[in-house]
Amino acid sequence: MLDFSYTRARSAEEARAAAGEPAARLLAGGTTLLDLAKCGVERPDTVIDISHLDGLSDILVDGTGASIGALAKMSAVADRADIRHAFPAVSQSLSLAASQQLRNMATIGGNLLQRTRCPYFRDPATFPDCNKRNPGSGCAALGGVTRNQAILGTSDHCIATYHGDLAVALVAFDATVRTDRREVPIDAFFLTPDDRPEQETVLDKGEMITGLTIPATVAARQSTYLKVRDRQSYEFAAASAAIGLDLEADGVTIRDLRVALGGVATKPWRARTVEAALIGKPVRPEIIAEASRLAVEGAVSHGGNHYKIELAPRVVARAILTVAAHLNPDLNPALGETA
Amino acid sequence: MTIMEPRKHGSSADGAVGGRLSRFEGRLKITGEAVYALEYPAERLAHAVLIQSTIAAGLVTSVAIDDALAAPGVLMVLTPEDDLGLTVSADWQGNRPEEKPYYPLPRQVEFNGQSIVAVIAESREQAEEAARLVRITYAPQEGVASLEDPKAGEGKRLDQLSVAWGDAEAALARSPVRIEATYRTPREYHCAMEPHGLTAAWEGDQLTIWEPSQWAHGMARMYAEWFSLPVENVRIVSPFIGGGFGSKGQPLAYGAVAVAAARKLGRPVRLAVTRPQNFTSYGGRAATRQTIALGATEDGILQAIVHRGASETSVYADVPEQTGAATPILYKVENFSSESRVVPVNTVSPGALRGPGKNPSAFGIECAMEELAHALGMDPLELRLKNYADRDYQSGKPWSTRMLREALTQGAEAFGWARRSAAPRSMRRGNKLIGWGIGCGTFPVIRAPSEAMIRILANGRVQVVSGSIDMGQGTYTILAQTASEALGVPVEEVDVILGDSSLPGAAIAGGSMLAGSITGAVHKAAQAARDELIGLALSEAGSPFRDTGANTLAIAGGRISAREDGPSLTLPQLMAALGRDEIEVRRNTLTDDVQSAEDQKKAWTTMSRVQGPTMGDYSMHSWCAHFAEVEVDEDFGTVRVSRMVSAFDCGRLYNPKLVESQWRGGIIMGIGQALLEEGVIDPRNGRTMNANLGDYLVPTNADIPDLQVISVGVPDLNASALGGKGVGEVGIVGVAPAIANAVFHATGKRVRDLPITLEKLI
């Protein structure tokens, strides 16, 4: 039996104090922690249960944006009418993730911190080499099965994909992660592996996510999350895109565009080059398709994941055209059959 | 012990055999009342966990267990050092050429994921934690990861699976239209909802094993042989099974380990195989590769089929996945040649998975037929009808019944096939390409004897007692229907007791043979019970029918009556009048020459009395034709099945509702096979990289469209006593090619290796 102590924190302050211990883990929804404990990746000494703490699961939406407590359940956020209205991509990214049972348990804070699904990371008994688990040991995924590994943001030390969906939408819309000590723009919150794959976010030991802030923008309100996969439900993305779009009064020229990719990178991936290439341009399929290819600039194939280099730009382009056609139905014929 | 508590059944208005009753045990399962193997209470229960190898091949040079033994609650650690005292068991036929020892925890590692060590402790959690402390040292050897490993080679030709008639090579060379292609299927797994595992308890030299089993008697025999016990001393209890699909027909290494541990400890032992361990504790469907060449005249008459197949097997057993199983019997062809090979690789021995052989075989021939149709510019339905097999060209025998033509034509009618636009890429819906494809399927009628007991109780209730099993396919229900019909009692008066090797013997629930076999035995026993009851009513002193002097007594609706104006009694009234507590009748369907106790034992515990589809005057098979529609998003390569129509010839249906459920289950597994399922193997060490249900993808509800199923069968009394043919496996056969053909029709791209995942289409 793995002996660990279980503490039901009486307050956020108490939880934070206990979480500073070396092998302490916070328990919220538990969907990641339990899973990783079962496959031998996580072996906490202390589990600090924060699932019941007051004041950390509120969801507030007003004209300036949304504030979502770290303990709000994925399904609760996804189902909120005001979230669906002001941040459709956020709601969709949650609804298309995991299964209903998991969404009912998993929290927003935990969702951001989910670990990779890399099969080498998850099989420590067979593959001791993993720089995330055991810094400096190597990366067993290199030369192995790579169909679901990342093509963007990889290094010689790690090619594991960040598989979360929500964070992709949040990166597109410049959300901020609130912790007990600071506020961090979400794009800066996640780290690429570089030579330190074990360090996945900027969180310090014992630092606790308390919530998220998503600023209200026109692009966020006019957004979509497109997730492409072989199975219709309950599968991680082969590639996904969170898109927000605003058009000029002419209904054709792009005024604002947000593009982020999921399922292809080591962190939620903002594609600013695509945005820059298209702002001020008209919505036309060939222009969108060409600019979308910029989304995989610098991509590295590892064989089995090569298809993502072709797939990801198509997902971006389709998502942009889908929102555009929604904003201006007159564009539909011009967008042809791809919209 | 009554495994199944007496309970009310469906309304008698549903009818007896042929009625659409719901599954009797369904509510028990939905409400959690059904008790499964790992839930049986046992006193002083100890828990075993397995440690599996992490290399493909090598020798275990040492196992350090001191830390584990010192861990809290640990009772025992079993390693390759421990001689568990087991003997190799006989094969399916009961042949046991030599007695040699069996090591379920071997020193020689034959595949990655092989069980090497077991830790037994007071609790499951203690055993798991102690297992982490065991250190295994290997001397690795070079392994072969998979069929596609360059080191795998061409393997061994299996002469007994090689078939030829006419001169196929010459006829192919002469044919004006020829196609040739190679088709591949990956490792696929059963993924039964209930994982493997068991609870084992010894009382002296009596062994009881609670384990999900597709064949209680056969498994009892194999356990008995391992442990050198009389088969009577082993009892397998398996009243409820959370899915088998072929994976639960024989005891496996983990079972030997748990039973041996229970004997050593003198305590009951429970061993739950984890979901990841399931993937290597019993083999799934082997990866296959087959090349098919077809030759035809310009008007589409098949001239030759040349088939060369290979499947992977383990390094310790030759288990073929017969890619040539359906190839010879689907179409009329005068020149045929098929060869099969097995290629040893470092994998667990492949196992039987729903439609073994026939399934990958149909993927090959049914894709090839549509490739030929495309080459000919002919409608694939027309090509199939044009080459309809009027008899079995392999055995030369006539079909007993073959309604495949009706399946094709009625299926096509229901599907709307006539509206198909022939050219690939010519059908669209919105921005999706639409494709239609056909795949035919077949599964042999395999016949086996069974035994059954009928008890009529004083309260008028009837018990059907059989050691056969119900893994969800409906044995409980159809046996109640069978007894109800034969005895003339309402179906709600019948209780069915199953799933125990101490009960009357039965065929395996495999090879789609159980229903046809066990309904025959139950029908025979129930008719004998009815005859006995009527005989007693006519002869016993207390019976009001004694003086009727008539042999025209009838039992209907649970009442026994003479002529219209004569007496009429309920069964309890009659049993009281006869002064009987119960009437018990036991019958089997063995021939008269093999009724000795020894012959019977062998019949119930081996496959020695099983008869193949052509062991008689006829060639007997179930048949089907699937019509699939797919939507393909060409930008993304994603395929979704948007509707299917499937027409079946399975003879008489004992319970159409349950049969349709079996067919749909097979079709759903076929959709998974076509689009999702693939065991992913690390080429460096043979590790299964997606050994869990998050990464090994089976269809979700969202992947399954409306599945219309149609029965075109007629009763086939050569196939079984009541006229049914097998229904459990034929449903999956032909689904994958129907979908692959539809994908080609939609996109113009021919994907010849399953599954059809998005990267193959973008």
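**Exercise 1. Determine which residue takes a positive phi in the hairpin of E11(A) and E12(A), and follow E11(A) to its other partner.**

Solution. In the hairpin of E11(A) and E12(A), where six residues lie between the strands, A:Gly263 has a positive phi near 75 degrees. Strands, labelled E, are DSSP runs of at least two residues, and helices are H or I runs of at least four, both numbered from the N terminus. The model is predicted: local features need pLDDT of at least 70 and side-chain atom pairs count only at pLDDT 80 or more, while totals for chains, interfaces and linings use all residues. Residues are numbered from 1 along each chain as its sequence is written, and chains are lettered from A and ligands numbered from 1 in the order in which they are written.

Next, E11(A) and strand E12 (residues 269-270) of chain A are antiparallel and joined by two bridges, pairing being called when DSSP finds at least two bridges between two strands. Here A:Ala260 has A:Arg270 of E12(A) as its bridge partner.

Then turn to strand E10 (residues 239-247) of chain A, which pairs with E11(A) in the antiparallel sense over eight bridges, with A:Ile243 facing A:Val259 of E11(A) as bridge partner. E10(A) and E11(A) also form a hairpin with six residues between them, and in its turn A:Gly251 has a positive phi of about 75 degrees.

**Exercise 2. Decide whether strand E11 (residues 254-262) of chain A is mostly covered or uncovered.**

Solution. Seven of the nine residues of E11(A) are buried, and the strand is thus described as mostly covered; a residue is buried if 20 or more other C-beta atoms, placed from the backbone, lie within 10 Å of its own, exposed if 12 or fewer, and partly exposed in between.

**Exercise 3. Describe the open sheet of chain B and name its edge strands.**

Solution. Three strands of chain B form an open sheet with antiparallel pairing, in the order E6-E2-E8. Strand E6 (108-109) and strand E8 (135-140) of chain B are the edge strands, each pairing on one side only. Strand E2 (residues 58-64) of chain B runs antiparallel to E8(B), to which six bridges join it, and B:Val63 stands opposite B:Ile136 in E8(B).

**Exercise 4. List contacts of B:Val119.**

Solution. Leaving aside neighbours within four places in sequence, B:Val119 is in contact with residues including B:Ala48, B:Ile51, B:Val77 and B:Val134, contact meaning that C-beta atoms, placed from the backbone, lie within 7 Å.

Technical notes
Contact = placed C-beta atoms within 7 Å.
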